[in-house]
Amino acid sequence: MSEKIGQELHRARHGQHISLEQAAEETHIRLHYLEAMEMGDFSQLPSEAHVRGFLRSYAEYLGIDSQPLLSGLDEQEQTPLEAESDSQDERTPTVAETPGNSILIFKDLGEDLKQQREMLGFSLEEVERNIHIRKHYLEALEAGNLDGLPSPVQGRGMLKNYASFLGLDTELILLRFADGLQTQLTEKRAAQPISPDTRPSRRRTNLPLLRSFPGDWILGAILIVAVVGFTIWGTIRITSLQAAPIPIETVPSIAEALQATPEGSLSEIPPPTETPLPEPAGTENSPGLESNPVAPPPEEVIPETPVPTVSDAPVQVYVSVLRRAWMRVTVDGNIEFEGRVVPGSAFSFAGEFQIELFTGNAAALQVYFNETDLGVLGVYGEVVYEVFTPQGVLLPTPTITPAPTSTPLASPTLQPTDTP
């Protein structure tokens with residue numbers, strides 16, 4: 001019967017003028033497998049599945065109905081298969097052949113992969129180049145050796161890619177693989193009898209959830225929580241620093257640094273020169289020298305202070321300071337005070353002949369002369385120089401300094417000479 005099948009294939013190929021090389025290239029079946037099928041020697045094919053698969057593919061390529069050929073092939077192999085099945089029924093099944101055994105499931109799964117690969121005419125090297133799975137992993141899958149794989153999870157992914165490449169039903173293959181894993185787990189539990197001493201307690205059954213995760217996951221989660229916590233702390237810290245007021249050091253003004261010196265001491269400010277003073281220009285009660293007056297800055301005016309009686313001296317001057325200013329007081333030719341004064345301070349001076357008052361800010365001083373209020377000496381920024389005597393307030397009279405004039409030199413007079 002095998003010879004008749006081979007002859008029919010040979011006649012069909014020659015009738016279409018197709019060479020074996022062309023048929024092998026278009027059907028993806030190796031050349032020696034086609035030669036063996038045309039000779040009727042199906043024993044050279046790897047397995048029965050390859051015989052049926054290659055025969056069906058070759059017959060459809062040549063335009064022959066493959067069903068009669070497969071039926072004739074089944075009739076030829078029916079008797080040997082029945083005898084073999086009877087012998088298998090008589091022998092005792094081993095542990096690996098026990099229904100539901102995981103080893104049997106993995107081996108059957110690997111056998112299907114191997115038959116499909118050989119039927120398609122692929123070698124393990126060709127499969128490795130196409131799906132990028134190492135050869136020893138492919139051998140472990142075809143042998144049903146789960147221990148030869150890196151892990152069940154990686155083995156599942158390799159199995160899915162391999163089955164998809166061979167054109168098998170990947171869902172069915174993965175279900176069979178999962179069934180094998182479940183059966184293997186059941187066998188391991190059944191092989192370990194639980195004694196009353198080794199039975200887990202209630203406390204052990206309530207293990208924390210973290211033990212079900214890998215250590216790398218736990219470490220990564222701890223690092224992420226630490227980074228998030230540090231970020232939140234930094235944000236709060238920066239926000240609090242920005243919200244807090246920044247202390248600003250108050251720098252003392254020049255007036256405070258040059259505050260009034262003790263009475264009777266000399267300062268580095270030079271005394272007024274003896275140059276003549278201009279005509280006084282100011283209020284009726286504040287004669288003195290006038291500079292370029294400017295608008296006074298807004299400053300609180302200290303209320304007037306009652307004038308005390310200093311002594312029975314003929315000349316008595318009481319000065320109440322309203323604003324910051326520089327002041328120099330000379331009593332009977334001696335400098336009693338020279339320096340900066342601040343608002344709220346008051347000074348009393350008494351002399352026998354005269355008291356001289358010199359200031360650079362007339363609006364800063366209110367003067368009482370012999371218990372008579374003279375009021376403010378002038379406007380803001382006005383320079384005032386006044387002299388108080390028993391006869392009253394003297395205003396310095398400006399003197400004109402004569403300019404030097406050049407004296408013309410006498411020219412020599414020519415004397416007449418005698419005429420000879």
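Biologist: Is leucine 73 buried or exposed, and what is its relative accessible area?

Modeller: Buried means under 20% relative accessible area, exposed over 50%, partly exposed in between (1.4 Å probe, protein chains only). Leucine 73 is buried, at 2%. This is a predicted model: local features need pLDDT of at least 70, side-chain atom pairs count only at pLDDT 80 or more, and totals for chains, interfaces and linings use all residues. Residues are numbered from 1 along each chain as its sequence is written, and side-chain values use heavy atoms, with hydrogens and water left out.

Biologist: Where does leucine 73 lie, and which residues does it touch?

Modeller: Helices (H or I, at least four residues) and strands (E, at least two) are DSSP runs, numbered from the N terminus. Leucine 73 belongs to helix H5, residues 66–90. Contact means heavy atoms within 4.5 Å. Leaving aside residues up to four places away in sequence, leucine 73 touches Ile5, Phe42, Val51 and Leu55. Valine 51 is 22 residues away along the chain, and its C-alpha atom is 9.4 Å from that of leucine 73.

Biologist: Now helix packing. At what angle do H6 and H10 cross?

Modeller: Axes are lines fitted to C-alpha atoms, for helices over the stretch in contact, and angles run from 0 to 180 degrees between N-to-C directions. Helix H6 (residues 102–120) and helix H10 (residues 170–190) cross at roughly 160 degrees, and their axes come within 8 Å. That makes H6 roughly antiparallel to H10. The cut-offs: under 35 degrees is roughly parallel, over 145 roughly antiparallel, 65 to 115 roughly perpendicular, and the rest oblique.

Biologist: Is that crossing left-handed or right-handed?

Modeller: A crossing is left-handed if the near helix is turned anticlockwise from the far one by less than a right angle, and right-handed if clockwise. H6 passes H10 in a left-handed crossing. The H6 side of the contact includes Ile105, Phe106 and Leu109, and the H10 side includes Ile173, Phe177 and Leu181. By class, this contact has 6 nonpolar, 4 polar and 5 charged residues. Ala, Val, Leu, Ile, Met, Phe, Trp, Tyr, Cys and Pro count as nonpolar, Asp, Glu, Lys and Arg as charged, and the others, Gly among them, as polar.

Biologist: How does H9 pack on H10?

Modeller: H9 (residues 152–166) packs on H10 at about 150 degrees, with the axes 9 Å apart. H9 is thus roughly antiparallel to H10. The crossing of H9 with H10 is right-handed. In H9, Leu159 and Ala163 are among the contact residues; in H10, Leu174 and Phe177 are among them. That contact has 7 nonpolar, 3 polar and 2 charged residues.

Biologist: What is the strand order in the open sheet?

Modeller: Strands of a sheet pair through backbone hydrogen bonds, either parallel or antiparallel. Here two strands pair if DSSP finds at least two bridges between them. The open sheet has 5 strands in the order S3-S2-S5-S8-S9, with antiparallel pairing. S3 (334–341) and S9 (392–394) stand at the edges, each with a single partner strand, so one side of each lacks a neighbour in the sheet. From one strand to the next, the twist averages 20 degrees. S2 (residues 325–331) and S5 (residues 355–359) are joined by 5 bridges. Arginine 328 stands opposite phenylalanine 358 in S5.

Biologist: What is the phi of histidine 28, and of glutamate 371?

Modeller: Most residues other than glycine have a negative phi. Histidine 28 has a positive phi, near 60 degrees. Histidine 28 sits in the loop between H2 (20–27) and H3 (31–39), and is exposed at 58% relative accessible area. Glutamate 371 has a positive phi of about 65 degrees. Its loop lies between S6 (365–369) and S7 (372–376).
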